[in-house]
Amino acid sequence: VKIKDVRWIRVMYANPDGIDAGLIQRLAREPKICKYLDMPVQHAHAPVLRAMRRPGRATDFLRQIRHLRARVPGIVLRTTLLSGFPGETEAAHQALLAFVQRAGFDRLGVFSYSREAGTPAARLAGQVPAATRCRRQRELMAAQSRISRERLARRVGTEVECLVESPAGPGYVLGRTAGDAPEVDGRILLQGRARPGEIVRTRVTGSSEHDLKGVIL
């Protein structure tokens with residue numbers, strides 16, 4: 001945070017059990033640290049989490065999410081989930097869907113489990129058929145798309161800083177906000193002129209499921 005030329009510092013892959021009061025305080029108070037946190041929970045059904053050898057429960061995750069949003073207003077929360085892990089029943093999948101809807105993550109990615117020879121998970125009973133894994137992944141992403149569309153729509157009319165990344169045709173550039181990690185999150189199409197690497201003040205004028213539109217002020 002003391003390096004003068006660094007404007008944005010982003011916390012990625014912070015396991016939920018490692019998010020302590022000190023980190024939350026820094027997120028809230030340090031201007032250079034983006035109000036953004038990537039906390040991969042992987043699942044929310046207790047038996048599946050135990051099979052994954054991961055700590056935590058859905059109630060713990062939801063409590064932590066509420067605490068983060070209360071302590072760091074405007075924070076963008078991202079997570080990743082693994083669908084179709086061995087032993088995941090339809091009830092477990094429905095529990096994960098309910099968790100996604102209750103948590104309301106701003107950004108969420110879902111990976112479908114892939115059996116790999118030699119791994120502990122490959123030897124587990126209850127391997128989920130590929131078609132079922134893919135269907136469950138689609139259902140989770142459909143639920144998240146609705147959440148993302150609603151959350152991004154709330155940002156229309158607000159002013160935000162954006163990092164310009166590349167040209168996007170005459171009079172337009174592509175960028176991202178502090179709430180968008182590179183390569184995994186959405187982008188913003190900006191009307192106006194700016195050079196890649198510049199951080200510019202913009203007004204959000206439109207939104208879709210995962211991306212924004214805006215104008216450089």
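These legends walk you through several close-up views of a predicted model.

**View 1. Helices α4 and α5 side by side.** Here you meet helix α4 (residues 90–103) and helix α5 (residues 130–153), whose axes come within 10 Å and cross at roughly 15°. The two helices are therefore roughly parallel to each other. The crossing of α4 past α5 is right-handed.

View 2. Glutamate 90 pairs with arginine 136, and their closest N and O atoms are 3.2 Å apart. This pair links distant parts of the chain, with glutamate 90 in helix α4 and arginine 136 in helix α5, 46 residues apart. Glutamate 90 is partly exposed at 31% relative accessible area, whereas arginine 136 is buried at 5%.

View 3. Glutamate 209 forms a salt bridge with arginine 149, with 3.4 Å between the closest N and O atoms. Glutamate 209 sits in the loop between β8 (199–207) and β9 (212–216), while arginine 149 belongs to helix α5, 60 residues apart. Both are partly exposed: glutamate 209 has 30% relative accessibility, and arginine 149 has 43%.

View 4. Look for aspartate 60 and arginine 63, joined by a salt bridge whose closest N and O atoms are 3.2 Å apart. Because they are three residues apart in helix α3 (residues 58–71), about one helical turn separates them.

**View 5. A nonpolar surface patch.** Met12, Tyr13 and Val184 make a nonpolar patch of about 290 Å². Valine 184 lies in the loop between β6 (172–177) and β7 (188–191), and its 42% relative accessibility counts as partly exposed.

Terms used: Residues are numbered from 1 along each chain as its sequence is written. This is a predicted model: local features need pLDDT of at least 70, side-chain atom pairs count only at pLDDT 80 or more; totals for chains, interfaces and linings use all residues. Side-chain values use heavy atoms; hydrogens and water are left out. Patches are made of residues with over 30% relative accessible area and no salt bridge: like charges are joined within 9 Å, nonpolar side chains (Val, Leu, Ile, Met, Phe, Trp, Tyr) within 5 Å. Accessible areas come from the Shrake-Rupley method with a 1.4 Å probe; for residues, only the protein chains shown count as cover. A salt bridge is a side-chain nitrogen of Lys or Arg within 4 Å of a carboxyl oxygen of Asp or Glu. Helices (H or I, at least four residues) and strands (E, at least two) are DSSP runs, numbered from the N terminus. Buried means under 20% relative accessible area, exposed over 50%, partly exposed in between (1.4 Å probe, protein chains only). Axes are lines fitted to C-alpha atoms, for helices over the stretch in contact, and angles run from 0 to 180 degrees between N-to-C directions. Angles under 35 degrees count as roughly parallel, over 145 as roughly antiparallel, 65 to 115 as roughly perpendicular and the rest as oblique. A crossing is left-handed if the near helix is turned anticlockwise from the far one by less than a right angle, and right-handed if clockwise.
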